[in-house]
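Work through the exercises below with the sequence and the coordinates at hand. Each task is followed by a solution in steps.

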Amino acid sequence: MINTIEDIRLHGNNLVVFQKDMRGKVERKNVLDFSPKELYDIILQAYELGDRDARRRITDALAGRS
C-alpha cells in the first residue's frame with residue numbers, strides 16, 4: 001500500500017513504487033513488473049490519495065488556513 005503519491009517516483013528510466021515491508025525495510029518495485037490487477041490497485045490508491053489531499057486543501061482554504 002502506498003501512503004503518499006510521492007511513493008511512486010521515476011528512478012532512472014523506470015517508474016518505481018517505494019514500499020515498506022512488515023519490518024519497515026524499504027523495498028522498490030518496478031511498476032512494469034506488476035500484474036494488471038496490482039497496477040489497477042496502485043492507480044486507484046494514487047487517485048484516492050490525490051483526491052483526499054485536494055479535499056483537505058480546499059477545506060483548509062475555506063477555513064482560512066494555508
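**Exercise 1.** Is Tyr 40 buried or exposed?

Solution. The model is a predicted one.
- Step 1: Locate the residue; Tyr 40 belongs to helix H1, which covers residues 36-62.
- Step 2: Take its relative accessible area, which is 53%.
- Step 3: Compare with the cut-off: exposed means over 50%. Tyr 40 is therefore exposed.

**Exercise 2.** Which residues make the nonpolar surface patch of about 360 Å²?

Solution. 
- Step 1: Start from Tyr 40, which is a member of the patch.

**Exercise 3.** Describe how strands S1 and S2 are joined and paired.

Solution. 
- Step 1: Assign the ranges: S1 spans residues 8-11 and S2 spans residues 14-20.
- Step 2: Determine the sense of pairing; the two strands run antiparallel, with four bridges.
- Step 3: Identify partners. Leu 10 has Leu 15 as its bridge partner in S2, and His 11 is opposite Asn 14 of S2.
- Step 4: Inspect the connection. The strands form a hairpin with two residues between them, and Gly 12 in the turn has a positive phi of about 70°.

**Exercise 4.** Which strands stand at the edges of the sheet, each with a single partner strand?

Solution. 
- Step 1: Write the order, S1-S2-S3, for this open sheet of three strands with antiparallel pairing.
- Step 2: Read off the edges. S1 and S3 (26-30) each have a single partner strand, so one side of each lacks a neighbour in the sheet.

How values were computed:
Residues are numbered from 1 along each chain as its sequence is written. This is a predicted model: local features need pLDDT of at least 70, side-chain atom pairs count only at pLDDT 80 or more; totals for chains, interfaces and linings use all residues. Side-chain values use heavy atoms; hydrogens and water are left out. Two strands pair if DSSP finds at least two bridges between them. Patches are made of residues with over 30% relative accessible area and no salt bridge: like charges are joined within 9 Å, nonpolar side chains (Val, Leu, Ile, Met, Phe, Trp, Tyr) within 5 Å. Accessible areas come from the Shrake-Rupley method with a 1.4 Å probe; for residues, only the protein chains shown count as cover. A salt bridge is a side-chain nitrogen of Lys or Arg within 4 Å of a carboxyl oxygen of Asp or Glu. Buried means under 20% relative accessible area, exposed over 50%, partly exposed in between (1.4 Å probe, protein chains only).
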